[in-house]
Amino acid sequence: MYIFTPITKTTVYFMRKIFYPLLALGFASLAAAPSHADNGIPGYTPTEEIIQAQKEFSDSKFGIFLHWGVYSMTAQGEWYMNNVGIDWREYEKLASGFYPSKFDAAEWVSAIKASGAKYICLTSRHHDGFSMFGTKYSDFNIVDATPFGRDILKELADECRRQGIRLHLYYSHIDWRRSDYPKGRTGLNTGCDRSQENWPQYFTFMNNQLTELLTNYGPIGAIWFDGKWDHDMDPDFDWQLDEQYAMIHRLQPSCLVANNHHETPYPGENIQIFERDLPGENKAGLSGQEVSSHLPLETCETMNGMWGYKITDQNYKSTKELIHLLVRAAGKNANLLLNIGPQPNGELPEVAVQRLKEIGEWMRKYGDTVYGTRIGEVAPHPWGVSTAKDNIQYIHILDYQDDAIFLPVKSKVRSAECLNTGETLKFTRTGSGITVSLSKVPDETDYIVKLTMDR
């Protein structure tokens, strides 16, 4: 995962009434919902199990990312070892003091479930090489290297099954402390003897750990890879992804594969990831790849500014901003994977838990306008987005300053209703769409117009 300064959301209106007709046409190509029949990737045909898992993933719309590891002890984020050049021998000493005494898997999963999230993605092993699970293939893990001695992942996996939350696992392709990991762009100042690099040995190590993850912890919804970009300067470097992906699908036929490489998806990948960006926007400069019309999409974003816990980062996005991010993602056929960096004592930060609670309150009222939907007929606009399910179109008005709105819908509309108040709204056919008279100038977090269409 890359570290970047958070981008402040700005919405610019310029001559709104003049440009409505142009905006109505500008994103027409996005209106089709994705088809997962062939995934659109030459040389790869997904199984029926994968196709069904992709549909369920797309329907879920909302997940929580948990960046947690021994790096939380530094309270400086997950890249601290690399950023300040900590020798791996010194860094290892952090594990001897890692004792998250307040970790409670039931409390975590309950708080996340209350937010309306349908899945959790935990960093099972980040770039620093510390494994948050009991593994036979490295002593640098939560069970063997810490006085805590408990398998965090097992407790979380068991609780996810009890509470009906899917579990996904982040796994880094990078290791800043192993001498067999081939030299890349990062981790060059951690004291590793790169003359000992041995790709076949390292590849076997990774696959052994992945096999443990996929055989010892029950059903895993997805493996979420990160780090391929570490060797982007070497076009001949072969990660052997096809072999690794095939192994994952063999071990768990319904397990999806995602890779945060910021490139066009590769054969065997079942989700397309966008880091800190909604699909097609690339404001953070990480997600300029073409948006797939076949694969499920996912945007990962931080709740504050960092992925891992940073004690000085209290720059949390407001609940309104987070709901807008979730809704805008849904309006682009994407899930939102919203990150939290747990504290070294095992607790989720208090502000994060409060945000989860408030998002959940909104989702209990309006979740049906997000879950199981796809992009509606009204393409994304600066003022909002649309989502659709069966013959219902939901118009999410997020930022608007008028009491009437033009909607470029071609289908016949039977009725219009404001979900916030239950009021019936008047509308008239206007050229290539309808103009809806709103009950008032929208000032809610999300003013939602429900359009019932003729089948």
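Colleague: Which residues of α5 and α6 meet in this predicted model?

Modeller: Ala105, Ala106, Trp108, Val109, Ser110 and Lys113 in α5 meet Glu155, Leu156, Glu159, Cys160 and Gln163 in α6. By class, this contact of α5 with α6 divides into six nonpolar, two polar and three charged residues.

Colleague: Is the crossing of α5 and α6 left-handed or right-handed?

Modeller: The crossing of α5 and α6 is right-handed.

Colleague: Why are α5 and α10 called oblique to each other?

Modeller: The axes of α5 (residues 105–114) and α10 (residues 350–366) cross at roughly 40 degrees and come within 7 Å. Roughly parallel would require an angle under 35 degrees, so α5 and α10 are oblique to each other.

Colleague: Which residues bring α5 and α10 into contact?

Modeller: On the α5 side they are Ala111, Ile112 and Ala114, which meet Leu356, Gly360 and Arg364 in α10. Four residues of this contact are nonpolar, one is polar and one is charged. Gly counts as polar, which places Gly360 of α10 in that class.

Colleague: How do you know that α7 is roughly parallel to α8?

Modeller: The axes of α7 (residues 199–215) and α8 (residues 241–251) cross at roughly 20 degrees and come within 10 Å. The limit for roughly parallel is an angle under 35 degrees, so α7 is roughly parallel to α8. The crossing of α7 and α8 is right-handed.

Colleague: Which residues make the contact of α7 with α8?

Modeller: From α7 come Phe203, Met206, Asn207, Leu210, Thr211, Leu214 and Thr215, and from α8 come Glu243, Gln244, Met247, Ile248 and Leu251. Seven of these residues are nonpolar, four are polar and one is charged.

Colleague: What is the volume of the second largest pocket, and which residues are closest to its centre?

Modeller: The second largest pocket has a volume of about 320 Å³. Among its 24 lining residues, Arg166, His168, Pro219, Ile220 and Gly221 are the closest to the centre.

Colleague: Which elements give two or more residues to the lining of the second largest pocket?

Modeller: They are α2 (48–60), α6 (152–163) and β3 (166–172). The largest share of this lining, six residues, comes from α2.

Colleague: How do the residues of this lining divide by class?

Modeller: The lining of the second largest pocket holds twelve nonpolar, seven polar and five charged residues.

Methods
Residues numbered from 1 in each chain as written. Predicted model: local features only at pLDDT ≥ 70, side-chain atom pairs only at ≥ 80, totals over all residues. Heavy atoms only, no water. Axes fitted to C-alpha atoms, helices over the stretch in contact; angles between N-to-C directions. Helix = DSSP H or I, 4+ residues; strand = E, 2+ residues; numbered from the N terminus. Parallel < 35°, antiparallel > 145°, perpendicular 65-115°, else oblique. Contact = heavy atoms within 4.5 Å. Left-handed = near helix turned anticlockwise from the far one by under 90°. 1 Å grid on protein atoms, 1.4 Å probe; cavity = no way out; pocket = protein on both sides within 12 Å on 5 of 7 lines; lining within 4 Å. Points joined across faces, edges and corners; volume = space filled by probe spheres on them.
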